[in-house]
Structures are given as C-alpha cells and as structure tokens.
Amino acid sequence: MNAAQNPTARALSRWEGEGGAPLPAALRDQFPGLVGGWHYLDSAATAQKPQAVIDAVTAALGRDYATVHRGVYARSAEMTLAFEAAREKVVGLIGGRAEDLVFTRGATEAINLVAYSYPEKGRVLLSTLEHHSNIVPWQLAGWQIDVCPLTADGRIDLDAAEAMLTPAHTIVSFAHVSNVLGSVLDVPRAVELAHRVGARLLLDGCQAVARLPVDVAALGCDFYAFSAHKLYGPTGIGALWGRAELLDAMPPWQGGGAMIDKVSFAGTTYAPPPQRFEAGTPAIVEAIGFGAAADYVRAIGLQAIHQHEAALVAELRDALRSRNDVTLFGPEESAGIVSFAMDGVHPHDLGTILDEEGVAIRAGHHCAQPLMEHLGVSATARASFGLYSDQADIAALLRGIERTRRIFG
Ligand code: PMP
C-alpha cells in the first residue's frame, strides 16, 4: 500500500509537517473500538486495535487461512511464510534475531517458560513492584525468591539490589516498566549488577514494549517477555526473546507436535529453538495479527509514542497534584501510566462513576498485591494511555473526578 492509500502514513505525513508531538488526532480514527467518543484510559490492561491489525487478522482467518509448517499445498506454504514473516516483524521491534524469538501465549507464559526450563534453578531476585505473572511462576517452579525493595518514589532500588545479589542468584527478573506506577527500570545498571554475580536478567517488557523504544542488544538483557495485546495486537499471543546460547541450553517444557526432531518410543529428540518451545499448532492468526501490530507501531515510531504519552502523563499528574484530595503514586517521569487515590473514595466507586461519564479507568490491585501492601492501600485508580489517547480523555477524567467529589462530599 502506498502512502496515499495508507491512513497511518497519511496521518503521519500531515503530522510531521506540523513538527512534533503530540501524535495526530487522525490516528484515533483508525481504532474502531474508540468510536463514539469513549474515553479509554485502560491501555495498560489491554490496548485497542487499529483497523490494520483487524484487517490482517480477518484475512488470516478467512481468505488466507490454512495450517503452517506441515502443509504440502500452496496455501499452507504461503501461510507458513506469513507466520514466519510475523516472527521477523515482531522481533524487529526489539532488535533481535527471529531464531531467538519464541511465540508464547503471552508474557505470562514467556516468564513461566524461563522459570520452568532455565537449567540452573537457584535464587531469583524479583522486586516489590512485580506483576503476579513475574512472581507466581517462580514460586510454582520452586525457585528461592528474594525481593528487592523500592525507592521512596516507586522505582526498583538498584542500590539495594547491588547489596542483595550474590553468586547464588542465577536470574534477576524485573519489570522494565511497572504496570501500576509506570516506573522505568534503569536497565543498563540492572544488567551490570546481574552480570557481575553471574546472573541473567529477564525483563518483563509487557508495559515497556508499547511505550518505549526497546533494543535488546543495546539494553544488554538476557531474556525479554511481552504480550501482543498490550501492543495493539491480538490476545492469546506474546513472545519470549532470549540469547541464543541460553535458549539452546534450555530443555523443552511442553511436548507435542512441532517441537520435535525425531520421535520414537525409545526416545525423542527435539527441534532447535524457537520451535523447541512451540509445541502444538501455533496461534497462526494471532501471530499474523501480532506482526501487523509490530508494523503499525514501527510506522508511527516508539519514540513518538513515548513522547506523546509522556506529555499526557505530565499533564494529568499536574492536574491531579493541584487537587488537595488526591494522592499520586509513582515517579514523575513514569511511562504512560498514572496511579492515584482520592481521599474518602474507593477506587471502585470512582471507576463506576467515571464509567457513567464514558471514562474507562482501571481500579483494583492490578495483579500486584505485594505492591499494594507496600503502598498501604488495597487498590489504586489507574489511568493509562495509548498512542490514541488525547487531552479530551484527560479533561473527561478530571470532570468525572470533580463529579465524584461532589457526590462523596
Ligand atoms: N507483566 C506486566 C508488567 C503486565 O502489565 C502484565 C499484564 N497486565 C503481565 C505481566 C501479564 O501479561 P499477560 O496477561 O498478557 O500474559
């Protein structure tokens, strides 16, 4: 499709002419889920889908549908090419090689895969702000867990990590961006600290990959886990990127079709990564949608998306700070996510009143109960932005907060 036909390219070329952030309002029109002026501020839970992703999924499920890897007929061969092309597109977003990108059901499964298959199970260092998906897999797989505390403003305290790490730690697993506080990890320092004791750094990139430019080689991490649905793609698929030598040393964790080299009752040998970790018929359609989503955000640019969301975060934090009945959580320079509490109002009540105003926020523990305990609350209200978010969303949220104050007194 050339630039004249492509709505994303058209919107961007007009916008580049205007010289900078925020992103053009025309991008919002590409998201059918946002029609009707809905103020969707829950993109950290899951992002709305652009028409380009919906079209790619529709074609893959309809016109182009066939199985992959096994068919001897042309349609299947084409689908296999499209499936593997999607792997290239997805890994292109984080700067690695396709051979090192395993498709999983999501970030959760990606972390489970490392927790179960990493050969040197020892101690793992997590942090207080981790999502349950980066806590429970380690517990289930029998790791010894240490927990790194947070700084006063809600970042992972890497001075504390330095003091805690020992050669007994084989993995450090931290969120690149916190799904509650939006805090961004100082990855180069975390890599340095982990590697100094011989541990590997896994980054839970679920929130980061949709909000920040990510380059796994430049970051120096060892594993990177993320989900398509927070990246404007479908649910049911995500990825684990890992260093080739680490993936190579990991045994399979689920058995079935597609992950084998040769099967016999006397013994089975396994395919090399990534297929070794992709047992069964893969999520073909979802992978193609994931590839389309990667193409979509790359066309816009993660730096532009980051700047767009950073401007909205600054505006919302300023507005909330000017109220004397709101507590703000997390550091100032958080990425795309603002958590807060209103005096005397449970976040669920706030969320319900906001819903009446056409504003969708998240209220709850955000799958981060240890962090809630640390903050001394049972829940927070969370507004999170996407590339389609705008000042009208913030204005509607602030109107709803004002109305809630009038109701609760
Ligand atoms: N980690 C973080 C930081 C998240 O925000 C989420 C989703 N809320 C997950 C992990 C789990 O992602 P998924 O449910 O898509 O596997």
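User: Is S178 buried or exposed?
Analyst: The relative accessibility of S178 is 1%. Buried means under 20% relative accessible area, exposed over 50%, and partly exposed in between, using a 1.4 Å probe and protein chains only. At 1%, S178 therefore counts as buried.

User: What is left out of the side-chain values?
Analyst: This is a predicted model: local features need pLDDT of at least 70, side-chain atom pairs count only at pLDDT 80 or more, and totals for chains, interfaces and linings use all residues. Residues are numbered from 1 along each chain as its sequence is written, and side-chain values use heavy atoms, leaving out hydrogens and water.

User: S178 has a polar side-chain atom 3.1 Å from which backbone nitrogen?
Analyst: S178 sits in the loop between β5 (169-175) and α7 (187-196). Helices (H or I, at least four residues) and strands (E, at least two) are DSSP runs, numbered from the N terminus. At 3.1 Å from a polar atom of the S178 side chain is the backbone nitrogen of V180.

User: Which residues does S178 contact, leaving aside neighbours within four places in sequence?
Analyst: Contact means heavy atoms within 4.5 Å. With those neighbours set aside, S178 is in contact with L129, S183, Q207 and I337.

User: What lies 2.7 Å from a polar side-chain atom of Q207?
Analyst: Q207 is one of the residues surrounding the ligand, with a heavy atom within 4 Å as the test. Also among them are T108, H131, N179 and D204. The polar side-chain atom of Q207 lies 2.7 Å from a ligand oxygen atom.

User: How much of the exposed area of the ligand does the protein bury?
Analyst: Accessible areas come from the Shrake-Rupley method with a 1.4 Å probe; for residues, only the protein chains shown count as cover. Taken alone, the ligand exposes 390 Å². The part buried by the protein is 85%.

User: How many residues does domain 2 put into the contact with domain 1?
Analyst: Over C-alpha atoms, the centres of domain 1 and domain 2 are 29 Å apart. The contact takes 26 residues from domain 1. From domain 2 it takes 30 residues.

User: Which side chain makes a polar contact with the side chain of R211?
Analyst: R211 is in the loop between β6 (200-204) and α8 (216-219), and is buried at a relative accessible area of 3%. Beyond four places in sequence, R211 touches residues including S43, L302, H306, E309 and F385. A polar contact is a pair of N or O atoms within 3.5 Å; within protein, one must be able to donate a hydrogen and the other to accept it, and residues adjacent in sequence count only if both atoms are side-chain atoms. At 2.8 Å, the partner of R211 is E309.

User: What is the relative accessibility of H366, a residue with positive phi?
Analyst: H366 is not a glycine, yet its phi is about 55°. Its place is the loop between β14 (362-364) and α13 (369-375). H366 counts as buried, at 2%.

User: What is the relative accessible area of A258?
Analyst: A258 also has a positive phi, near 75°. This residue is in the loop between α9 (244-248) and β9 (260-262). A258 is partly exposed, at 28%.

User: What is omega for the peptide bond from P273 to P274?
Analyst: P274 is placed in the loop between β10 (269-270) and α10. The bond from P273 to P274 is cis, with omega near 5°.

How values were computed:
Domains from an automatic or database assignment.
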